[in-house]
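Please consider the following protein model with attention to where its residues lie and how its parts meet. The paragraphs after it lead through selected features in turn.

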Amino acid sequence: MSTNPESATWTSTKSSLSILAVSVALSLFTTAYENSVIPLFASVPTLKYLGYVVHTSTAFAIITPNLSSSRILLILGCLLLLAPHTSYWISVHAARFRDPIYSPLVTHALVLAPVVYFSVSLAMSVDLRPLLMLAFSALSLDALNSVIFTALGCVCLAVYGGIRVDVGRHSTHPNARNTRSTVALSAIPLVLTVLLNLNPALRSPTLVNSIVTPYNSPTYPLRILNSTQSKTGVVVVGEILPPADMSSTPLHSIRYLRASHSLLGGVWIGDSVATLDNFPPLTDQAGTPLGDSIYSAFVLQEAVRLVNSTPRGRKGECNNALIIGLGTGISANAFAQHGIATTIVEIDPAVYDAARQYFGLSDPGNNNVFLQDARGWVRSRRAMVEAEDPSVIKYDVIIHDCFSGGGVPEHLFSIEFWNDLKTILSSEGVVAVNFAGKLASDSSHAILVTLLRAFGQCRAFHDHVEPISPEHFHSNFVNIVIFCTPSLTPLTFRSAVEEDYLHSYLRRHILSSLDKREINHAQFGDSSIWSATIEEEFVLTDAHNTLNTWQEEEALDHWKLMREMVPDVVWETY
């Protein structure tokens, strides 16, 4: 008996389209899943073994017997509708074990793996009806994660119901036509989802998608002022408040800015606001008084104004500053108070908006804010300089602070980037580069070697409030600011004076003790195996840049450090 060629072609097309439809939906789910758990695990721990989980689940689906497509759709619908809750609550409890490897791996195994397994099984069942998922998926591409989960779950249940109705219509079996009970099964997960969303005890804080008024945690003195899904992940402005019963809370009276699983900065609030000579403190747009930075590194960056080895530095002339990576705007505000015209380049609009509204960042003025990636912006400025565009300015000081989530973006630390940056820096200008890590690491060594190759001379300082031992540098995370200049004159700093402190206790402490904070270059990397050949291998270039790989281990340590700094509930509420 011959096979109709057109029928065979149509069957083959149905198979391909069904697999494509399921693949698109699975890809959409995986992306939404990543975005859901990264705020709790950070990027590196989340992605480290995610691919292995996907591949293992796929292989397992291929070698095991498949269920019917209708049953798979029912199971998938339930899993997807519950995903906003399971991805959050399983991540929360797994993260409390403080293991950056096994905590996300457990979450992947319990939430992601079952969806991958049944999705691959569905694709192998070769049914054209799952094509409906493609249309629904396209509608959800720009939606919130919880909306994507819910939409995909509803599609699976709708297709399941359609299959059962179709089977009932065409079957001659007397029980097959009674489809009400089987179709009603698809409504049970929907009802359960509604109940979960209505129950405050079970609804996760991630479901608070738009915060019009502050959200107060029912279990901890924590208030969320704003939460936005943006370019760098979820950007949160929160406050850890004093405990009502004055019990021992490890850290309180701070307002913080968070992006994903990293603190970009923060300031003291409430009774912890203090200024020298009782000078009126900085306020946010609502008039709330704001105190010193909770991180000393942002104040240490301001030592760039103390450089006195250049003619302009000796005269105290600093007219133009560039800040790459805004954070809460501590340095930008300080420069503004010193009368320095400041240009800001920040990749995330939500970070800039938060700094303006909640951290007292003054208006930098027209054409002084660029919300884009610094690599392209610096390259375009270099082109303007080389074209002798009269509108372009060269900067006396540049602050480069792009550390977040346990690492730095490697494309902003290559020799090509630093060479581009030098063209928009004045010949006697100074660059201050913020970096956090272990000095003995390859990443720390590579960053210093590359900066020295680009600028010629650099000096590094740590930001610890108290003195620390050399052993601490090698075994612990340390915030470091590296000051570099293309000037041939040896880089020196003057002593800080009262005007440099801006009525800040923290500035007085950090800037007045600069001479005690210097880090010898020999402490970077493993100096015992130094050679010219090895040194050359550590120069970061666009063609040879292994910074992200080197930073992986430090990113895992940083995740644990962030969990130690503030209570779990701070990371779990966003």
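C318 counts as buried, because its relative accessibility is 16%; buried means under 20% relative accessible area, exposed over 50%, and partly exposed in between, with a 1.4 Å probe and protein chains only. C402 is likewise buried, with a relative accessible area of 15%. The model is a predicted one, in which local features need pLDDT of at least 70 and side-chain atom pairs count only at pLDDT 80 or more, while totals for chains, interfaces and linings use all residues. Residues are numbered from 1 along each chain as its sequence is written, and side-chain values use heavy atoms, with hydrogens and water left out.

Two other cysteines, C458 and C484, are joined by a disulfide, with an S to S distance of 2.1 Å. A disulfide is here a pair of cysteine sulfur atoms within 2.5 Å, and by this rule the count comes to 1. The pair links distant parts of the chain, 26 residues apart: C458 belongs to strand β13 (residues 457–462) and C484 to strand β14 (residues 478–485). Helices (H or I, at least four residues) and strands (E, at least two) are DSSP runs, numbered from the N terminus. The link of C458 and C484 is right-handed, with 110° about the S-S bond. Both partners are buried: C458 has a relative accessible area of 6%, and C484 has one of 0%.

Helix α16 covers residues 442–455. Its 14 residues reach 20 Å from the first C-alpha to the last, close to the 20 Å expected at 1.5 Å a residue; the expected span is 1.5 Å times one less than the number of residues. How much of α16 is enclosed by the rest of the structure? The helix is largely enclosed, because 11 of its 14 residues are buried. Among them are H445, L448, T450 and F455. Just after α16, G456 takes a positive phi of about 100°.

Helix α14 (residues 374–386) has 13 residues and spans 18 Å between its first and last C-alpha, close to the 18 Å expected. Its buried residues are A374, R375, W377, V378, R381 and V385. Seen down the axis of α14, they fall within an arc of 165°, so they line one face of the helix; the arc is that of the directions from the helix axis to the C-beta atoms. These buried residues pack against β8 (320–324), β9 (341–345), β10 (369–370), β11 (395–400) and α15 (415–423). After α14 comes E388, whose phi is positive, near 55°.

L80 lies in helix α4 (residues 69–95) and counts as buried, at 3% relative accessibility. Leaving aside residues up to four places away in sequence, L80 touches F29, V115, F149, T150, L152, G153 and C156, where contact means heavy atoms within 4.5 Å.

In soluble globular proteins, nonpolar side chains tend to be buried together. A nonpolar core is a set of buried Ala, Val, Leu, Ile, Met, Phe, Trp, Tyr and Cys residues joined through side-chain atoms within 4.5 Å. The largest such core in this model has 68 residues, and those with the most contacts inside it include L222, I240 and F483. Helix α13 (residues 349–358) contributes the largest share of this core, 6 residues. A second, separate core of 48 residues includes W377, L412, F413 and V539.
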